[in-house]
Amino acid sequence: MNKKQHIFLLVSLLLGLCVHAQFNAISNLKKKKIATSGVVKLDSLNIVPQSVSIKGYDTSYYYVDAVKSILLWKKHPLQDSAEIVYRIFPFKLDAQVKRFNYDSIKNNYVSQPAIFNRNGRNGNSTSLFDFGNGINYNGSFGRSLSFGNSQDAVFSSQLNLQLSGMVGDSIQIAAAITDNNIPIQPDGTTQQLNEFDRILIQFRKKGWEVNLGDIDLRQNQNYFLNFYKRLQGISYQQENRFGKNGSNKLLLSGAIAKGKFTRNVFNGLEGNQGPYRLTGANNEFYFIILAGTERVFIDGELMQRGEDQDYVINYNTAEITFTPKRMITKDK
């Protein structure tokens, strides 16, 4: 065999491989293995009706939806898989074909006709509140009616609302409003508290800040005049800078205190971790502690609240319990 015959044979083999590959590419015959339980998705295109065949099983074992290209097993075969052969159409028969959608047609018009009640302000709006486009808000709003055989009907409400955004062009607003008809204090078993019945609205711009509602005044940066107060009112804070290293900070507040300051000093009982009942400013036993305002010391050492820390506290019943991390004796 000479050189020309070798080249001719090589070209023939290459052409045969190309034709075979192209035939397989354009062929609509599919063969695969599928599971023999549940619903099986066969293909993304539509299946040619009456072209499905499963080796070893007749049509009493399965049902084929040619439009959705799915197979449903009526009976459960013994084998875990089966070999299926079927044919498909070259395109999807139930595919949606459109040149324009609603948005593209709407945007092609320079001016739109007048549309009444565009934002649904006459009662068709789906949102409960409307604060404008510059403010993001989320939360919940609930109303409930409860009654029983030994009590009258009670109507209760619940509001949980958070706001954040910009008012005008430069004033930043942030608000947290929670209102329940039954003031329940949070559970003091963790280091972080999610408080109930709290209203706080904050306005901020550059160097000044205004807080309205339930505010906390805290001063612990200096050695003298340290204080922490939980109040209801208004506070104004402004900071001015003088040069690179100088600054002046002004804080003005007008509010009323939400509670009374009380100190409880007692000796522990040997082996008794609690609960220890606390007393109020007038030695009363039934009162509510403002959440997060307590400071607990054992022999002059400040304790940390939490189940994995030193103590837990029930703000509603004014009871404190110490964890095994801090063992209580009669000398504590």
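1. Basis of the model. This is a predicted model, in which local features need pLDDT of at least 70 and side-chain atom pairs count only at pLDDT 80 or more, while totals for chains, interfaces and linings use all residues. Residues are numbered from 1 along each chain as its sequence is written, and side-chain values use heavy atoms, with hydrogens and water left out.

2. Confidence. The average pLDDT of the chain, that is, the predictor's confidence in each residue on a scale from 0 to 100, is 78, and 79% of the residues score at least 70. Over residues 19-25 the pLDDT is below 50, and beyond near neighbours in sequence this stretch has zero contacts in the model, a contact being heavy atoms within 4.5 Å. Where pLDDT is low, the predicted coordinates should not be read in detail.

3. The chain as a whole. The chain holds two helices and 19 strands; both kinds of element are DSSP runs numbered from the N terminus, helices being H or I over at least four residues and strands being E over at least two. Of its 332 residues, 22% are buried, where buried means under 20% relative accessible area, exposed over 50%, and partly exposed in between, with a 1.4 Å probe and protein chains only. The accessible surface comes to about 25,000 Å², and carbon and sulfur atoms account for 55% of it; such areas come from the Shrake-Rupley method with a 1.4 Å probe, and for residues only the protein chains shown count as cover. Among contacts between residues at least 6 apart in sequence, 50% join residues at least 24 apart.

4. Three strands form an open antiparallel sheet in the order β1-β6-β3, where two strands pair if DSSP finds at least two bridges between them. Its edge strands, each pairing on one side only, are β1 (29-35) and β3 (53-54). Seven bridges join β1 to β6 (residues 81-87) in the antiparallel sense, and K31 stands opposite V85 in β6. The hairpin of β13 and β14 has three residues between the strands, and in it G243 takes a positive phi near 75°.

5. The four-stranded sheet. A further open sheet has the order β10-β18-β19-β15 with antiparallel pairing, and its edge strands are β10 (187-188) and β15 (276-277), each of which pairs on one side only.

6. Nonpolar cores. The largest nonpolar core has 16 residues, of which L278, I289, V296, Y311, Y315, I320 and F322 touch the most other members; a core is a set of buried Ala, Val, Leu, Ile, Met, Phe, Trp, Tyr and Cys residues joined through side-chain atoms within 4.5 Å. The elements that give two or more residues to this core are β18 and β19. Apart from it lies another core, of 14 residues, including V40, V52, I54 and I88.

7. T323 is found in the segment after β19 (319-322) and is buried, with a relative accessible area of 8%. Its side chain reaches the backbone oxygen of Q309 at 2.6 Å. Leaving aside neighbours within four places in sequence, T323 is in contact with Q273, G306, E307, Q309, D310 and Y311. D310, in turn, has its place in the loop between β17 (301-302) and β18, and it counts as buried at 4% relative accessibility. A polar atom of the D310 side chain lies 2.9 Å from the backbone nitrogen of Q304. Not counting residues up to four places away in sequence, D310 touches M303, Q304, F322, T323, K325 and R326.

Definitions and conventions:
Polar contact = N/O pair within 3.5 Å; in protein donor to acceptor, adjacent residues only side chain to side chain.
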